[in-house]
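Hello,

Here is the structure we talked about handing over. Please open it alongside this note, and then read on for what turned up.

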Amino acid sequence: MKVPKYYRKEFESFLADIYDVFVNVMTFFQIKRLRKKAINTLGLKKGQSVLDLACGTGGLTTISAEKVGEKGKVVGIDLSQRMLNIAIKKSKQCPQISYLWHNFEHMHYKNLFDAVVVGFGAHEVPPEPRHNLYKQAYKALKPKGKLLIFDYAMIRNKPLRLFYWLYLRTIEHPNGWEYVNENHQKILKEIGFKRVKHQRFAYLFDVAMYQIKVEENGKRRN
Ligand SMILES: C[S@@+](CC[C@H](N)C(=O)[O-])C[C@H]1O[C@@H](n2cnc3c(N)ncnc32)[C@H](O)[C@@H]1O
């Protein structure tokens, strides 16, 4: 499989090994609590299935696995084998989790998952691949399935925007700034989702949950 041009090779370097420390420091050691809070918004039940796209070191994957229990199923997909290796080590006690080295733009799942989660993965890609990601999530979900996006949001404090722009352009993926400016709700609605919940989570983070739109006869669009 070809790795796309936009992909940040850093995720295959030593930076993968310090990713968890970086995220902890960046969030003042709040990341686990925030991830749990984000997953809680899905209202997952035992035995359900979750697809974690751009799962990285498995932060959201392992929390989802706790929620769905051993009878459930969680699949984590990522393009960095080094990040996945860390995730695999963390998930040894979770038989319900499986990890796959794959590009989230080209999956073949259809009607399989109760929830799809994307944590800090959507800002990593340019608009077209991102819209492909949303379409893939839509296809992978069962009718009434939910998509959870946990990612950066536009900073409200206007004077700080220049610093935020600099941060996103230098430390994060160059698409980060474009991501925080995009109207995700409009794009997701065009794909077939309807917005059910959107939450400003912490100073720089947003959680948005979109549910599959079901027509009156109980069937989902396309
Ligand atoms: C910032 S990390 C997020 C990891 C994790 N979800 C979290 O919340 O900490 C972004 C991840 O996206 C992955 N990624 C980027 N483009 C991808 C693609 N096209 N397909 C699959 N994974 C991708 C990277 O390998 C990296 O692990």
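**Two helix pairs**

α2 and α3 cross with a right-handed sense. Bear in mind throughout that this is a predicted model. Helix α2 covers residues 31-40, and its axis runs 10 Å from that of α3. The angle between the two is about 50°. The pair is therefore oblique.

Which residues of α2 and α3 make the contact? From α2 come I31, R35, K36 and I39. From α3 come G59, L60, I63, S64 and K67. Sorted by class, the contact of α2 with α3 has four nonpolar, two polar and three charged residues.

The second pair is α5 and α8. Helix α5 spans residues 127-140 and helix α8 spans residues 184-191. They pack at about 45°, with axes 10 Å apart. That angle makes α5 oblique to α8. This crossing, too, is right-handed.

On the α5 side, the contact uses H131, Y134, K135 and Y138. On the α8 side, it uses I187, L188 and I191.

**Around the ligand**

How many residues surround the ligand? There are 22. The closest are A54, G56, L79, S80 and G119. Two elements, α3 (59-68) and β2 (73-78), each give at least two residues to this shell.

By class, the shell holds 13 nonpolar residues, six polar and three charged.

**Two histidines**

H184 sits in helix α8. Is H184 buried or exposed? It has 22 other C-beta atoms within 10 Å, so it is buried. The cut-off for buried is 20 or more. Y134, one of the α5 residues in the contact with α8, lies 50 residues from H184 along the chain. Their C-alpha atoms are 9.6 Å apart.

H198 is in strand β6, residues 193-200. It counts as partly exposed, because 14 C-beta neighbours fall inside 10 Å. H198 and A208 are 10 residues apart in sequence. In space, C-alpha to C-alpha, H198 and A208 are 4.3 Å apart.

Most residues other than glycine have a negative phi. Two residues here are worth a look for that reason.

N111 is not a glycine, yet its phi is positive, at about 55°. N111 is placed in the loop between β3 (97-101) and β4 (113-119). With 11 other C-beta atoms within 10 Å, N111 is exposed.

F120 is not a glycine either, and its phi is about 50°. F120 lies in the loop between β4 and α5. Its count is 19 C-beta neighbours inside 10 Å, so F120 is partly exposed.

**Two more positions**

L42 is in the loop between α2 and β1 (49-53). Why does L42 count as buried? Because 21 C-beta neighbours lie inside 10 Å. Leaving out residues up to four places away in sequence, L42 touches A115, K146, L148 and M209. L42 and F201 are 159 residues apart in sequence. Their C-alpha atoms are 15 Å apart in space.

I18 comes in the segment before α1 (19-26). I18 counts as exposed, because 11 C-beta neighbours lie inside 10 Å. I18 and Q199 are 181 residues apart along the sequence. In space, they are 28 Å apart, C-alpha to C-alpha.

**Where to look**

For a quick tour, start at the right-handed crossing of α2 and α3. Move on to the ligand, with A54, G56, L79, S80 and G119 closest. Then find α5 and α8, with H131 and Y138 among the contact residues. Finish at N111 and its positive phi, then at F120 and its own.

Best wishes

Note on methods:
Residues numbered from 1 in each chain as written. Predicted model: local features only at pLDDT ≥ 70, side-chain atom pairs only at ≥ 80, totals over all residues. Axes fitted to C-alpha atoms, helices over the stretch in contact; angles between N-to-C directions. Helix = DSSP H or I, 4+ residues; strand = E, 2+ residues; numbered from the N terminus. Parallel < 35°, antiparallel > 145°, perpendicular 65-115°, else oblique. Left-handed = near helix turned anticlockwise from the far one by under 90°. Contact = placed C-beta atoms within 7 Å. Near = placed C-beta within 6 Å. Nonpolar A, V, L, I, M, F, W, Y, C, P; charged D, E, K, R; others polar. Buried ≥ 20, exposed ≤ 12 C-beta atoms within 10 Å, placed from the backbone.
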